[in-house]
Amino acid sequence: MRNKLYVILALGLAAVSAFSADSKSMTLEEAERQLAGVSQLDTSASFWVWATNNNRRTGEPDYLFRAGDQITIRATMKPNNDIYPYTVVAYRQYNKTGVKTYLPGNTTAVTDIFGRTIEQGFQITKLPEWNKQILVGAGGALVSTSVAVPNELGMHTIVVQIRDYTGTRILKSAYWKLAVVSEVENLPVNITSSRTLTSDKAYRIAGVTRVRGNAVLTIDPGTIIVGAPGSQPACVLLITTVGRLVANGTRSQPIIMTSSQPLGSRQRGDWGGLTLLGKARINDVSGSLPIEGVSDGDDGNYGGTDDGHDCGSLKYVRVEFAGALIRPNEESNSFTWGGCGTASKAEYLQAHYGFDDSFEWFGGINDAKYLVGTYGADDYVDVQLGYRGRVQHGVFFANSDRSNRGIESDNYERDFAARPLGNPTMYNFTFIGSNAAGFDESDSPCLYFRRGSGGSFNNMLCFNWTTRTFGGANIADSIQPNIAAGNFSATGILAWNNGTSAATPATNTFDSQVAADFRAHLTPAARQFVLANPLLRNPLEYSNPDVRGQIGSPIFRASWLQPPDDGFFDQWATWIGGMGDYDWTEEWTTFILEVDLRP
Amino acid sequence: MNLFVNLVLFSVLAQSPQPSKGTVSGTVFDATSGRPIPNIQIAVDGIADSRVITDPDGRYTLTLSPGKYKLRFTGPNHIETTIADVEVKAGESANASTVMQQQGAVTTVEVNEKIGAIESNAESILTERKLAATVSDSISKDDIKNSTASDAAAALEKVTGISVVDNGFVFVRGLGERYSATMLNNAIIPTTEPERRVVPLDLFPSNLIDNIKVLKTYSPDLPGEFSGGLVQMNTVEFPTKKILQVSVNYGFNTQTTFQSFRSAQGGLRSPPSSIPADRRLFVGQFTDQEFQNFGRSFPVDYEPQVRSSARPSQSYSVVGGNTFGKLGVVGAFTIANTLSRTPQLQRFLVNRGGGQAGIFSQYDDFHIDNESSRLAGVLNLAYKLTPSSQLLLRNTLTRDSDNEVRQFTGLNGGIGNDVLDTRFRFVERQFFSSSLEGEHAFASLKNSILHWQFTYSDSRRDEPDLRQTIRGRESGTNDPFTFLNLGDSGFRFFNGLRDKIYEPQADWGVPFFKGNVSGLFKVGFRSTFRRRDFDSRRFRFQPVRLQTLNFTLPDNQVLSTQNIRPDGFVLREVTRGTDKYAAEMDVIGGFAMVDLNLGAKLRLVGGIRVEDANIGVITVDPLIPNARPSTAILINRDPLPAINLIYAVGKRQNLRGGYSRTINRPDFRELSPFEFTNIVGGYSTVGNPNITRALIDNLDVRYEFFPGGNQVMAVSYFYKRFTDPIEQIYSPTASELRQSFINVAGAKNQGVELEWRSNLDRFSKKLRDFSVQSNFTFVDSNVDIPVDRFPQLTSRARPLVGQSRFIYNAIAEWAKPKLRSQARFYLNSVSRRITDVGSFRLPDIYQERNTFIDFVYQYNLTESGKWNMRFSAENLSDNQYRYKQSDILVRSFRIGRTFTIGTSYTFF
């Protein structure tokens with residue numbers, strides 16, 4: 001430890017000497033700060049950036065621009081007492097070519113926000129306190145005149161970076177995605193022949209758009225799809241059992257399905273959501289079921305006998321503000337898979353502000369990785385009807401004012417012992433609660449099992465959840481047999497400060513965190529619970545959270561369960577929770593609370 | 001309106017001077033067919049007046065000075081008949097009805113020379129039945145009056161083969177409301193219920209009804225949509241003398257009266273006027289401020305008020321009528337108010353695996369407190385244009401409302417919490433029917449009779465401002481309930497239904513007489529144009545920032561006006577695109593039939609009807625300009641043959657046999673491919689545009705024995721085969737079960753009915769004050785479900801929904817005119833029946849056998865019988881209503897015993 005410190009100090013002194021060539025003399029206090037800064041690989045500052053379109057057209061999100069539209073870029077920066085010394089760089093990147101245009105001078109040459117080039121040396125600065133500060137646009141802090149977007153069709157990213165004082169190491173970045181398009185095209189109600197949606201346009205869903213008749217719908221990276229509120233029926237993109245969706249975005253060019261409403265007034269349920277249906281087995285006795293209010297023909301009945309069914313591929317896809325009412329008392333989920341089989345792909349998906357569940361599986365056996373659920377109004381991961389797939393890496397944030405269940409797992413509501421048994425295998429989820437009352441259900445544990453649920457739930461982290469960690473219903477009669485048969489287990493469950501504001505506050509003990517009827521059956525062999533402060537870095541800064549473990553966090557232990565070596569699971573994720581040291585949510589996601597975007 | 005007319009009428013009646021003359025009136029029937037005979041000449045003491053002839057209904061009225069007279073009846077095709085010693089008293093009306101034999105035919109059935117009054121008493125109804133062309137059972141005004149029944153539905157419970165389900169829907173021979181139709185004054189009437197095909201009969205107070213007939217076999221002059229039975233109600237008949245009667249009743253229910261009672265107030269009658277009527281409240285199209293204003297325009301009233309003591313039920317009615325020369329007028333008016341409390345247990349089961357039932361939700365404390373108010377009136381007018389033709393105008397208006405508070409607590413398995421659910425519901429139903437009818441007998445045209453009728457009926461049902469809140473707490477704890485943010489919590493719902501029927505009809509009958517063969521040839525048509533409009537709007541208060549709200553406060557404080565704000569509760573419209581629909585059904589039917597007497601013993605009634613039906617349902621989102629309407633259409637033409645044979649085994653015995661083919665059409669909602677959520681039931685329902693109408697083959701045999709007087713013995717057997725019958729199915733959705741409709745492979749329904757009505761003096765003279773009647777029905781039905789297509793349904797074969805295997809009624813009557821007393825004792829027993837079809841390996845839900853005992857005692861306070869006291873005890877057994885699924889009690893409640901005391905006074 002001591003040796004390490006010396007090394008850092010030495011590096012720091014070298015850096016200070018290099019820096020001071022260009023600097024006036026400094027006080028001891030300033031020098032100490034500089035030294036401290038050098039030792040940092042990270043910053044505790046929180047910040048986010050966003051852009052609005054001054055020429056926004058009604059029915060189009062602020063993400064969409066036509067060439068020549070005026071853009072306003074804003075940012076909020078909370079230094080969190082970590083103010084000195086840093087450099088700040090901001091640029092716009094055209095993701096089709098990768099060309100970066102640096103602010104404030106609109107140069108391709110790299111500058112910091114003061115316009116200083118690398119050659120000139122970036123200007124060190126205290127981190128500014130920006131509260132919805134205009135950076136670019138009339139009265140902007142960086143560019144004070146109105147700025148028109150260039151005629152470069154496709155996705156662009158606004159990036160603001162905090163770098164160390166040398167300007168070389170990027171400590172933290174904020175991203176904002178937008179697209180310049182030539183037009184917004186209306187998608188037809190039925191897509192019956194294969195077609196590709198390209199990012200030079202945006203697309204509008206009116207009602208239910210069904211991909212059917214063996215058509216393949218391909219969505220190019222960086223394409224934005226828009227659903228409008230109030231549509232009857234609700235706007236839903238439905239991939240029927242005889243259709244396929246290939247929506248492979250990239251980290252820099254995610255595919256965004258979002259609300260048509262202006263920033264700050266978007267709401268959960270502005271539009272329906274994304275639904276993929278296949279012919280893998282479900283455990284209803286009929287073998288296949290419709291999605292109510294959405295299916296309008298036999299191809300909308302999911303479930304069958306083909307566990308290899310290919311619903312398509314989803315990669316880097318954001319579904320935002322989905323969950324419109326499709327029937328009374330029933331909203332659509334952000335992502336729904338019904339009877340999807342093993343050939344289907346799903347990774348790097350974000351459900352943002354969903355009214356119903358963020359990710360829901362109705363039967364089937366498709367896998368998924370890298371899921372982000374933010375501020376949903378219902379459950380985050382919901383499985384039923386005999387889902388048997390594998391899921392790894394997930395981070396889920398309850399909104400600051402509401403939360404519901406983290407995982408809600410059923411075998412089948414109408415036959416607790418239906419087969420095939422709903423028996424998913426899940427590893428590495430982090431659930432950050434708001435400690436606020438449940439949205440739909442007053443009994444909203446982080447992990448909730450009922451109706452004959454099987455499954456293996458491992459390395460889950462629940463922090464600050466409304467109700468206690470682990471609960472359920474119909475446990476003795478429907479889940480106990482699964483525990484006895486080795487079909488239900490919960491291992492590596494780290495729980496801290498859950499249910500502390502309940503009417504009868506829970507304590508950080510096993511007995512308090514696990515429902516009584518579960519305690520009787522969760523034998524030590526079937527579970528491994530950890531009750532310890534997870535020491536996450538900054539989990540409750542909603543618009544810019546950081547759920548990686550601090551140094552010394554108990555999420556890292558050599559003894560924790562290692563995911564199996566089965567070709568799907570990443571064995572190297574030997575920590576509890578959805579994130580170790582590496583933030584896989586960077587760039588393609590959005591965490592900003594809607595209230596933080598209001599002008 | 002009717003109230004006013006009635007009041008005027010009665011004041012006129014009360015002032016008219018005492019007449020010095022009396023009247024004689026009656027009806028002349030054909031002894032073979034039972035049809036009334038028009039144009040029969042009546043001579044008084046040998047003096048014939050060409051103006052004194054029977055009208056198209058076979059009726060006549062004579063005004064004579066007091067004295068004794070001899071009446072002689074003559075007609076071209078009938079044997080002369082005489083009634084001697086008809087006594088006429090000043091100011092009173094004597095009855096002198098008769099039956100005339102056809103020339104060339106010998107007497108086939110023996111009928112009393114004098115068959116009572118035209119107004120229905122049990123005996124005349126029985127005579128009518130004996131002579132009827134089809135199998136029917138009926139209940140007369142006397143029977144209704146002497147029972148505990150306060151409405152048509154309750155009255156029908158005593159009829160052979162009838163059971164009444166859900167307070168108003170009639171099951172005839174085990175066939176549900178899908179297979180029964182209701183006619184009022186010979187016109188098809190629209191329904192007030194969006195989910196039902198027929199009008200609930202509890203809408204019609206018994207005071208307004210003269211008689212109810214249930215036709216069980218078909219004849220071609222009836223609408224083709226007929227299978228279980230056709231309920232024909234007739235409102236009060238025209239008086240032959242001046243009448244005025246008032247009555248008052250008070251009822252005490254052991255479970256309700258003087259108990260604490262929850263009631264609701266403060267509901268709106270329509271959505272607040274600040275909310276645009278033609279625009280959906282889209283987010284984004286209105287500002288936060290506007291939404292706040294919309295939300296604040298709803299009064300805050302979600303908590304029931306508790307009355308410490310519920311008042312007794314009460315009803316008041318008046319009936320009056322008179323004849324003014326050629327004009328006959330009768331009116332009736334009634335108002336009633338009844339409170340009822342029904343605490344109950346409700347459970348919902350789930351398949352825990354392998355069909356093993358477990359309790360999913362359980363509400364031990366489920367209360368329904370309802371205040372029901374009713375107002376109804378009838379005003380009928382008849383005008384004799386000439387002795388052989390008359391016009392009738394009949395108007396019926398009923399209006400009732402239910403103001404219901406439903407509250408329950410218990411475990412809700414769907415959300416895994418204990419819930420406290422409070423719902424206020426106000427339903428107002430109104431039915432209006434007006435018909436103009438003409439009857440003309442043409443002596444010059446072979447005594448043919450033309451009957452025409454035009455009826456306009458209009459049903460409305462308004463359910464404004466249904467309010468519901470749901471609160472929850474962790475199950476098994478005693479924590480206070482906190483407000484839950486669910487789709488139907490903080491919910492306000494408005495809906496209205498309007499169903500209209502325009503029905504012109506006419507028929508022309510020509511009697512013919514040729515030696516041994518006589519009969520009636522009849523052709524006619526009936527067009528039924530039905531129009532429906534349904535409209536609803538749904539709103540809910542949705543919380544935005546929960547930490548700004550305290551959900552532990554009572555509902556009125558959680559949803560208080562100051563909490564309706566952009567970061568508190570916001571109003572959201574959740575009206576669906578299918579919440580408004582318009583539907584129309586046009587059925588045009590024509591028929592030709594013959595009623596043929598072949599010699600003395602055999603009578604044949606047969607013919608064919610052809611019906612064209614055109615059903616269309618149009619759903620369009622009213623709140624989206626230029627929304628695309630969606631349409632479902634079904635067009636059919638069906639020939640419907642029917643034949644009925646009546647063989648007179650002896651003078652007092654009939655043997656009847658009949659075959660007919662009838663149809664059953666899908667209802668509006670069953671056809672439309674749109675999803676509706678049942679207003680009442682809770683299941684969501686999606687129609688099936690592929691269903692077709694079902695065909696039904698009906699076979700009936702009946703043996704009847706009429707020993708004389710008010711006595712009968714009858715045995716019937718019936719068999720019905722259904723092709724493509726429409727049945728309900730259930731399939732799961734993500735969150736609930738959904739109901740739909742299919743044509744199943746087939747179904748059959750057969751049964752035996754026994755009826756016995758006798759005076760006991762035949763057994764012992766000591767028992768001469770007693771008479772008994774009883775009826776027994778055995779029904780066996782079976783539906784075949786194509787399991788491969790509908791694997792969710794548990795039963796592969798089962799009885800029809802709502803069919804009881806046994807229905808038993810017994811009535812014992814004791815009448816002692818000397819003591820001015822009459823008492824009746826009723827026993828009604830209904831065996832178990834399916835109320836809900838089981839799915840997902842859960843068995844069907846059965847309502848268990850139940851037995852009801854009622855008692856009525858009447859005493860005439862005056863010798864003349866003008867002032868009458870009445871005491872009734874209803875539901876003396878007060879058995880629990882029990883519903884079971886897989887041997888688990890899923891619902892149980894009692895309705896309490898009701899003791900009613902009433903009096904009626906007849907002015908004249």
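Trainee: In β42(B), which residue is the bridge partner of Ser771(B)?

Mentor: This is a predicted model, where local features need pLDDT of at least 70, side-chain atom pairs count only at pLDDT 80 or more, and totals for chains, interfaces and linings use all residues. Residues are numbered from 1 along each chain as its sequence is written, chains are lettered from A and ligands numbered from 1 in written order, and side-chain values use heavy atoms, without hydrogens and water. Strands β40 (residues 770-784) and β42 (residues 806-816) of chain B pair antiparallel over nine bridges; strands are DSSP runs of E, at least two residues, numbered from the N terminus, and pairing takes at least two DSSP bridges. In β42(B), Ser771(B) has as its bridge partner Glu813(B).

Trainee: Which residue in the turn of the hairpin of β42(B) and β43(B) has a positive phi?

Mentor: β42(B) runs antiparallel to β43 (residues 821-830) of chain B, joined by 10 bridges. Across that pairing, Trp814(B) stands opposite Ala823(B). Four residues lie between the two strands of the hairpin, and the one in the turn with a positive phi, about 55°, is Arg820(B).

Trainee: Which strand gives the most to the lining of the second largest cavity?

Mentor: Strands β12 (180-184), β27 (517-543), β29 (581-598), β30 (602-619) and β32 (653-664) of chain B each supply at least two lining residues. With four residues, the strand that gives the most is β29(B).

Trainee: Why does Val110(A) count as partly exposed?

Mentor: Val110(A) sits in the loop between β5 (99-102) and β6 (130-136) of chain A. Beyond four places in sequence, Val110(A) touches Tyr102(A), Arg116(A), Thr117(A), Ile118(A) and Phe122(A), a contact being heavy atoms within 4.5 Å. Buried means under 20% relative accessible area and exposed over 50%, with partly exposed in between (1.4 Å probe, protein chains only). Val110(A) counts as partly exposed because its relative accessibility is 24%.

Trainee: What percentage of the residues in chain B are buried?

Mentor: Chain B has seven helices and 50 strands, helices being DSSP runs of H or I, at least four residues. Of the contacts in chain B with a separation of 6 or more, 70% join residues 24 or more positions apart. Of its 908 residues, the buried share is 60%.
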